[in-house]
Amino acid sequence: MNYLSAENISKGFHDKWLFKDISIGISQGEKFALVGNNGVGKSTLLKILTGELQPDTGTVVVRQGVRVGVLTQQREVDGRTPVKDVLFDPANPVAAAVKEYEDCLHHPEVSGERMQAALERMEEFNAWDYDAKVKEVTSKLDVPDLDKTFSQLSGGQKKRIFLAQLLLASPDLIIMDEPTNHLDLSAIEWLENYLASPTITLIMVTHDRYFLDSVANEIIELDRQQLFRYKGNYAYFLEKKSEREEMLKSEVAKARNLLKKELEWMRRQPKARGTKAKYRIDAFYELKEKASQELRKDRLELDIKESRQGGKILEVNHISKSYGDHVIVKDFSYVFKKFDRIGVVGRNGIGKSTFLDMLTLKMKPDRGEVIPGVTTKFGYFTQDTMNLNPNHRIIEEVKQIAEFITLSDGTQVSASKFLDNFLFPPEKQYTYVEKLSGGEKKRLQLLKMLVTSPNFLVLDEPTNDFDIDTLNVLEDFLDKFTGCLLLVSHDRYFMDHLVDQLFVFEGDGNIRLFNGNYTDYRDSLDETVEEEKPQPRPEPVVIEKPASKKVSMKERLEYEALEKEIATLEDEKAQWIEKLNGGSGSHEELTKWSKAVEDLNARIEEKSIRWLELSEQMG
């Protein structure tokens, strides 16, 4: 069943087309991942599909009766609105019943009459399954107190509430923009399993490559104003994308060669152009359009000269940090070594960012000390962009650090050239910081950090707001970086490829060192859970006796007679043995008596077997 169809849609801004005449349709059970570089129009396309924006051309049709749920990157809610009013749709009587029931549970002082009415409503709508779903979704996504208002929440908490609201509404078609941003690793893994259900239909924009592989069954790439579809995983997408781009290069090269010949033909006898074949003129302009395609793609270039690093890097001696009763770090010590590549994992709100602030001397611990080496130079990439002056132009932000930047080969480039390498072309460099997008601000923040030539990189969620191509460039740069790396990231693919140790925040201030990357850590947890499962006791082996066969009267009489016959034969055998032992008989007599004993043994054995058979039958 087709849920949504978009036919020949186009959208442009400021005389520039984002995409032209593209079509897409999604049917029940399909899961699309929409990928592409920052700025190609992925979010704009989602807004057109949801009806938030109108296309310049084309139509979008949603099948009648299909409910569409949308998760966007930004959404406005009155700051006075309680969390519970966002989570529960008042138009849904089941949701309203659960909201009232949950409200009663969270406020023990409510009257007995109100609680009884809430229970009756739950029974009336059979809402217990929905309530169980509410508890699962809110706990897995770490939704805060339902009585809190929106103004009391962080940006990450708001995003998780919108996600919980979407999942609780159970729409037929889900449209999501970067659903894994602001989720911790355990929440991402839970959401991954939830969305992988065959009953869910989904279109999402994501840069999380593990999430993409686990959830999507088709990848759609928006590139050069067109859509390209790939039925396969991320590795298949990369392979086919490479093949497509090589084919495009070949086609454009052929078109440019042919265009030279056609251009000469068009220039000949200009006065007689009206007599030229119209089909050939039309073909010329089509060829010209193909030949004029720009094959060079803007690509982030990361290249800096690292500061020399001495023998002593960073010593952390018995540091502790608390906020009231909330213990962040308790008696943690570690001596950083050259080439350390460490990931930091733990649930949201457990104190990872505070820990990084202490290591980079932005914050003092309550106890203990942090001692950097003389040559240690931190490059600290944080989750916020507060270190950017919104009233500065882009180039001013860089020039206040350095007019010239030294690259890894020792050459120097101007601040303007370095900005160009970071996808800020000259015409963009005089834009005010406040007018930049979230992704552009993060890119400028990364540039400012690298300009200082650090030898110890501390990165707190560097993957948010970056497209997959940019992440690949950043990943490649960090892989070649020879200084120390300390990384907090919810992107498991990114972390797996860059770290070989973990600081695991286990709660109550405990930080455990784990040797291995994130996947190794998850595998170890699964093994531990398996070992701790109570092993079922082996069932005792019961050898069942065959069912007793009903014994006839004749068999019962035979059984009783056999007992007497066996006893008589045993007596007779004893008499013959006594004679043999007496030694008074002749040779012939001894042979006769011996033969009698053998016959008696055979008869006793035969009758004993029969007696046992009858005995078993009689139980």
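Reply: Phe336 and Phe456 are both buried. Please keep in mind, as we go on, that this is a predicted model.

Me: How are the rings of Phe336 and Phe456 arranged, given the distance of their centres and the angle of their planes?
Reply: Phe336 belongs to strand E11 and Phe456 to strand E17 (residues 456-460), so this pair ties together parts that are 120 residues apart in sequence. The ring centres lie 5.4 Å apart with the planes at 65 degrees. Planes over 60 degrees apart count as edge-to-face, so the arrangement of Phe336 and Phe456 is edge-to-face.

Me: Which residue forms an aromatic pair with Phe332 at 5.2 Å centre to centre?
Reply: Phe332 lies in strand E11 and its partner in strand E19 (residues 501-507), so the pair ties together parts that are 171 residues apart in sequence. The planes stand at 80 degrees, which makes the pair edge-to-face.

Me: Which residues form one aromatic cluster?
Reply: One cluster is formed by Phe332, Tyr334, Phe336, Phe355, Phe378, Phe456, Phe503 and Phe505.

Me: How many residues apart in sequence are the parts that Glu189 and Arg522 tie together?
Reply: The side chains of Glu189 and Arg522 meet in a salt bridge, at 3.1 Å from N to O. Glu189 is buried, with a relative accessible area of 15%, whereas Arg522 is partly exposed, at 24%. Since Glu189 lies in helix H7 (residues 185-195) and Arg522 in helix H17 (residues 518-532), the parts they tie together are 333 residues apart.

Me: What separates Lys480 and Asp476 along helix H15?
Reply: Lys480 forms a salt bridge with Asp476, and their closest N and O atoms are 3.3 Å apart. Lys480 counts as exposed at 58% relative accessibility, and Asp476 is partly exposed at 39%. An α-helix has 3.6 residues a turn, so residues three or four places apart point the same way. Because Lys480 and Asp476 are four residues apart in H15 (residues 468-480), what separates them is about one helical turn.

Me: How many polar residues are there in the lining of the second largest pocket?
Reply: This pocket has a volume of about 610 Å³, and among its 27 lining residues the closest to the centre are Asn348, Gly349, Ser353, Gln383 and Asp460. Helix H6 (155-169), strand E11 (326-336) and H11 are the elements that give two or more residues to the lining. The lining divides into seven charged residues, five nonpolar and, as the number asked for, 15 polar.

Definitions and conventions:
Residues are numbered from 1 along each chain as its sequence is written. This is a predicted model: local features need pLDDT of at least 70, side-chain atom pairs count only at pLDDT 80 or more; totals for chains, interfaces and linings use all residues. Side-chain values use heavy atoms; hydrogens and water are left out. A salt bridge is a side-chain nitrogen of Lys or Arg within 4 Å of a carboxyl oxygen of Asp or Glu. Buried means under 20% relative accessible area, exposed over 50%, partly exposed in between (1.4 Å probe, protein chains only). On a 1 Å grid over the protein atoms alone, a cavity is a set of points where a 1.4 Å probe fits but cannot get out, and a pocket is an open set with protein on both sides within 12 Å along at least five of seven lines; lining residues have an atom within 4 Å of a point. Grid points are joined across faces, edges and corners, and a volume is the space filled by probe spheres set on the points. Ala, Val, Leu, Ile, Met, Phe, Trp, Tyr, Cys and Pro count as nonpolar, Asp, Glu, Lys and Arg as charged, and the others, Gly among them, as polar. Rings of Phe, Tyr and Trp (its six-membered ring) pair if their centres lie within 6.5 Å; planes under 30 degrees apart count as stacked, over 60 as edge-to-face and the rest as tilted.
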